[in-house]
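Let's take a friendly walk through this structure together. Have a look at it first, and then we will go through some of its features.

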Amino acid sequence: MITIVGLGVARGDLTLGALEALTGGGQVLLRTARTPAADVLRERGVAFSSLDALYEETEDYDEVNEAIARAVPQAAQAGDVGVGVLGGGAIMLGIAGISIA
């Protein structure tokens, strides 16, 4: 299962509920580790991977999103994955081609 969790944008935005959802089982994958929420996870000893390398390997934002849309389901093949994204979790739905009404 893939659980998408909004990390917020500031250090205090990561709620306990979001933290529990993100770390509730399996692998933790962050869209980017360059966020205050990543610092909170490090302080709490939560192991995670990030998709930062995809930003460097691609030429534009559309390519980054396409690469992320491939990487997340691929990671989930090994088991449950919590995906942390900046702001709200809705951004990942758009990347995956899922519209929100």
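Does Arg42 count as buried, exposed or partly exposed, and at what relative accessibility? This is a predicted model, and in it Arg42 counts as partly exposed because its relative accessibility is 43%. The side chain of Arg42 meets that of Asp39 in a salt bridge, with N and O 2.8 Å apart. Both residues sit in helix α2, and being three residues apart they are separated by about one helical turn. Asp39 is partly exposed too, with a relative accessible area of 35%.

In total there are three salt bridges. Another one pairs Glu43 with Arg11, whose closest N and O atoms are 2.5 Å apart. This pair links distant parts of the chain, since Glu43 belongs to helix α2 and Arg11 to the loop between β1 and α1, 32 residues apart. Arg34 and Glu56 also form a salt bridge, at 3.3 Å from N to O. Here the loop between β2 and α2, which holds Arg34, is linked to helix α3, which holds Glu56. Arg34 and Glu56 are both exposed.

Now turn to the strands. Four of them make an open sheet in the order β1-β4-β2-β3, with parallel pairing. β1 and β3 stand at the edges with a single partner strand each, so one side of each is left without a neighbour in the sheet. Five bridges join β1 to β4, and Val5 has Gly84 in β4 as its bridge partner.

Finally, look at the surface, where a patch of negative charge gathers Glu59, Asp60, Asp62, Glu63 and Glu66. Glu66 lies in helix α4 and is partly exposed, with a relative accessible area of 48%.

Methods
Residues numbered from 1 in each chain as written. Predicted model: local features only at pLDDT ≥ 70, side-chain atom pairs only at ≥ 80, totals over all residues. Heavy atoms only, no water. Pairing = 2+ DSSP bridges. Helix = DSSP H or I, 4+ residues; strand = E, 2+ residues; numbered from the N terminus. Patch = residues over 30% accessible without salt bridge, like charges linked within 9 Å, V, L, I, M, F, W, Y side chains within 5 Å. Areas by Shrake-Rupley, 256 points an atom, 1.4 Å probe, with all protein chains shown as cover. Salt bridge = Lys/Arg side-chain N within 4 Å of Asp/Glu carboxyl O. Lys, Arg positive; Asp, Glu negative; His and termini not counted. Charge placed at Lys NZ, Arg CZ, Asp CG, Glu CD. Buried < 20%, exposed > 50% of the residue type's maximum accessible area, 1.4 Å probe, protein only.
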